[in-house]
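This report describes one chain, beginning with a contact between two side chains and ending with the chain as a whole.

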Amino acid sequence: MSELVLRLDPDVHRALHDLADAQDRAPEEVAREALRRHLHEEGTLVRAVAERIAREHAELLRRLGE
């Protein structure tokens, strides 16, 4: 597993620790889960936009590929 150091502002740091404590989990575990969820959601959004653009410009993309 790779390591990444994030500097958090005090409010975010406190909220992270409060949530982790309420869930009886480590703050790192909560942060990893939040990051995984965010990356999944953003990836889904980016793929949807890319697919929409590809559909809207399919004819142009086809002509460029010739």
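## Salt bridges and overall form

In this predicted model, Glu 33 and Arg 25 form a salt bridge through their side chains, with an N to O distance of 2.6 Å. Glu 33 is partly exposed, at 29% relative accessibility. Arg 25 is also partly exposed, with a value of 23%. Side chains of opposite charge can pair when their charged atoms come close.

Glu 33 takes part in another salt bridge, in which its side chain meets that of Arg 37 at 2.5 Å, N to O. Arg 37 and Glu 33 are four residues apart in helix α2 (residues 27-56), so about one helical turn separates them. The relative accessible area of Arg 37 is 44%, which places this residue in the partly exposed class. A network of salt bridges links Arg 25, Glu 29, Glu 33 and Arg 37.

Helix α2 holds a further pair, Arg 52 and Glu 56, again four residues apart and separated by about one helical turn. Their salt bridge has its closest N and O atoms 3.2 Å apart. Arg 52 is partly exposed, with 36% relative accessibility. Over the whole structure, a search finds six salt bridges; the table gives those described here.

| Pair | N to O distance |
|---|---|
| Glu 33 and Arg 25 | 2.6 Å |
| Arg 37 and Glu 33 | 2.5 Å |
| Arg 52 and Glu 56 | 3.2 Å |

Charges can also be considered for the chain as a whole. There are 11 positive and 15 negative charges, and their mean positions lie 7 Å apart.

A nonpolar patch on the surface consists of Leu 4, Leu 6, Leu 8 and Val 12, which together have about 390 Å² of accessible area. Of these residues, Leu 4 lies in the segment before α1 (10-22). Leu 4 counts as exposed because its relative accessible area is 63%, and the cut-off for that class is over 50%.

The secondary structure of the chain comprises three helices and zero strands, in the order α-α-α from the N terminus. The radius of gyration is 20 Å, whereas a compact globule of 66 residues would have a value near 11 Å. Along the principal axes, the C-alpha atoms fill a box of roughly 55 × 25 × 20 Å.

Of the 66 residues in the chain, 8% are buried.

Note on methods
Residues numbered from 1 in each chain as written. Predicted model: local features only at pLDDT ≥ 70, side-chain atom pairs only at ≥ 80, totals over all residues. Heavy atoms only, no water. Helix = DSSP H or I, 4+ residues; strand = E, 2+ residues; numbered from the N terminus. Rg over C-alpha atoms; globule rule 2.2 N^0.38 Å. Buried < 20%, exposed > 50% of the residue type's maximum accessible area, 1.4 Å probe, protein only. Lys, Arg positive; Asp, Glu negative; His and termini not counted. Charge placed at Lys NZ, Arg CZ, Asp CG, Glu CD. Patch = residues over 30% accessible without salt bridge, like charges linked within 9 Å, V, L, I, M, F, W, Y side chains within 5 Å. Areas by Shrake-Rupley, 256 points an atom, 1.4 Å probe, with all protein chains shown as cover. Salt bridge = Lys/Arg side-chain N within 4 Å of Asp/Glu carboxyl O.
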